[in-house]
Every structure is written in C-alpha cells, then in structure tokens.
Amino acid sequence: MSYLTLKALNKEFGDFQALQDIELSIERGEFIALLGPSGCGKSTLLRIIAGLESATSGKMSVEGRDVTALAPSQRGISMVFQSYALFPHLSVKENILFGLKARRVEAKERQRRLDEALELVSLQDQQDKLPSQLSGGQRQRVALARAIVSQHPICLMDEPLSNLDAKLRAEMRSELRNLQKKLGLTLIYVTHDQIEAMSMADRIVLLNQGRIQQVGTPRTLYNQPKNTFTARFIGSPAMNIFTLPEYHNLLGVRPEHIRLSDSGIRCRAVNTDYHGENTLLKVALPDEQQIVVKVDRYQQFETDQPLHVNWEQQDLHHFCSAKQQAIPTP
Ligand code: ATP
C-alpha cells in the first residue's frame, strides 16, 4: 500500500477546470517534484494535499486513512512557502517554536527539538536575530527548521528556493535533499524549474493544463517521454521535434544527441549561441524546419554554411502526429 494516495481528484474554479483526474501514489520517504509551466495547477494540487483548498471531487488518503475531509492541522503535514511566511517581529528561535507552543508541546521537548533543528540547518549562532537581519538563504532555513521541529512526516514546499540567487540555490538544493533523506521526510516539492526537479527528486510528476502528463524518475522522463509535451519540457535545450519525408511520424532528437558529420541529413547553419562549455548551433533542414545541435566548446559557423547532421537510431524518438503520444520505436 502506498503512503499517500490521490484518487480521481478534480478541482474546478467556477467553469475553469484547474485539475483533472489526478491519480497519484507516493511512497514513504519519497522526494516528489510537482513540475510544470506557470498556471498548470501545481500550487492548487499542493494546497489540496495540505487541506488549505478542498477538491471538487476525489479522495486523498494517508496510510490507508481517508483524510479528504480533515482540516490542515489534522493531516500531519507541514508546509514551507515561497515567501517563507516568517513573523517579522519574532526572533529566529521564536519563529521556529511558534507552532509547537500553539500545540502545547512541553518546554523541555521544545528545547530539544529546537537544538536539533538549529544544528541541522546550521543556524545555532543566529537564533536570537530577527528575520530582517538574515540573508534570504538563512530565512529559507528558518522556514525549513520550523517544518523540521513539527516532526510531521509529510512536508510540502511551494517553490521554496525561488527567491535565492543561483549559487545559494544550488547549495540549498543539495542541503535540502540531504536533510530530506536524513529525516526520512516524504517531501512534495513544487517547482517550474525542470533542472531543480531533475537534480533533486526521486520522481517527477509533470503537469500541464491541470492534467498529469507523466510520472517517473528523472531518467525515465528524460529517456522515455510519453508525449511531445514531456519531451520538450524535460531537458535543456528542449528536444527537437520535426518531420522527415521518409517517416510518417513526428520525430524527436535531443540537441546533445545530434552530431555534425560528413554524411547524413543535409542542412545549413542559421546561427550560433555560445554557452561556455558548448555552443548551440541552429540549422535549417532542406524544407526550412529548424533544429538545434549542441556542439562542444566554442565553434563558429558561417551563415548558410552547408553541413550534415546525424544521430544514433537509439536516440530517435517517435510520436504520433495526431495525439502527440510516443510510439514504440519501429
Ligand atoms: P505558478 O507556477 O504560476 O504558481 P501553478 O502551476 O502553481 O502556477 P496554480 O496556482 O495552481 O498554478 O493555478 C492553476 C490555475 O488555476 C491557474 O490558471 C489559475 O489562474 C487558476 N486558479 C488558481 N486559484 C484560483 C482561484 N482561487 N480562483 C480561480 N482560479 C484560480
């Protein structure tokens, strides 16, 4: 039996269907990323799991117990928001302990959990400061510590790293991942950043327009996308999707799997985009469809320079043109 289960879940806002037929099973201790473009329904789904929003129909259960009708405080779930939601007039320590005081956890136990959480997030020296005296990353860790002391087995996070600069974000990704594993938390993490989801999650739930597109490990979504949406959303730069006269289907090849060669498909250089460790070369096929090729380091090409591209058969994906669904390689 799965730990947390969502069954036939739907959410409507008036005429607008924000979530449709959501079916999801999550195991204890899993790190799940809810990923998708802006407006796809990620936050709505997270809020329904938290109990902050009610579903129009469907059920949610935890360890086999139906929790659909339970209030947020009865679900054993903690939540970390993008804004951290810290009280500005309370110190770090008071912010972390706020929920425990409200739940009347006794003083000795509060202190024990506080010390443990402060050590985990390396904030022992900052406990008497106010949130305004902390950096963004430190505030983020206070919000995390608050979730940790609650000792709820399920933790929900809504884009918790989005306010941080790129360097701190990369550091926090691995810290968060280590912490989650160490505490054995079941973590459901909303992000629109596929790199974040790929690098942190055990499994990704990819959503588009309120529907689950695919659920799987980062490697499965990258290697075996079930449809063109997943194929384009996972991986950067996006997978090229195009047609060739000798095939009936849509074809997909990732830029990193295409190589320039002496023979193969004729094309011409359109432009290049230099990225440091590689160059993204845009080429036009004979019928003017454009595809992107990732080439090593810095390489220059003349506009309209004749070239050939090639790829391994195993790196070619096939999609049905009508439904945009993957079809097994012939
Ligand atoms: P983002 O990444 O931009 O935060 P999201 O994937 O989290 O997006 P949601 O916030 O879940 O998206 O919203 C999903 C859709 O539901 C959006 O089209 C949004 O406009 C709509 N929506 C969300 N809340 C409400 C509401 N209270 N009333 C009406 N429509 C809503």
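## Sheet, pocket and salt bridges in a predicted model

Visitor: What is the order of the strands in the open sheet of six strands?
Guide: This is a predicted model, in which local features need pLDDT of at least 70, side-chain atom pairs count only at pLDDT 80 or more, and totals for chains, interfaces and linings use all residues. Residues are numbered from 1 along each chain as its sequence is written, and side-chain values use heavy atoms, with hydrogens and water left out. Strands (E, at least two residues) and helices (H or I, at least four) are DSSP runs numbered from the N terminus, and two strands pair if DSSP finds at least two bridges between them. The pairing in this open sheet is mixed, and the order of its six strands is E6-E7-E8-E3-E9-E10.

Visitor: Which residue in E8 is the bridge partner of Leu 34?
Guide: Strand E3 (residues 31-35) and strand E8 (residues 186-191) run parallel and are joined by five bridges. In E8, the partner of Leu 34 is Val 190.

Visitor: Which element supplies the largest share of the lining of the largest pocket?
Guide: A pocket is an open set of points on a 1 Å grid over the protein atoms alone, where a 1.4 Å probe fits, with protein on both sides within 12 Å along at least five of seven lines, and lining residues have an atom within 4 Å of a point. The largest pocket is lined by 23 residues, with Ile 77, Ser 78, Met 79, Gly 99 and His 152 nearest its centre. E6, helix H2 (92-102) and helix H4 (136-149) each supply at least two lining residues, but the largest share, six residues, comes from H2.

Visitor: Which residues are linked with Arg 112 in a network of salt bridges?
Guide: A salt bridge is a side-chain nitrogen of Lys or Arg within 4 Å of a carboxyl oxygen of Asp or Glu. Arg 112 meets Glu 109 at 3.1 Å, N to O, and Glu 116 at 3.7 Å, N to O. Glu 109 and Arg 112 lie three residues apart in helix H3 (residues 107-120), while Glu 116 and Arg 112 lie four residues apart in H3. The network links Arg 112 with Glu 109, Arg 113 and Glu 116.

Visitor: How many residues apart in sequence are the parts that Arg 268 and Asp 304 tie together?
Guide: The salt bridge between Arg 268 and Asp 304 has its closest N and O atoms 2.8 Å apart. Arg 268 lies in strand E13 (residues 259-274) and Asp 304 in the loop between strand E15 (290-296) and strand E16 (306-310), so the separation of the parts tied together is 36 residues.
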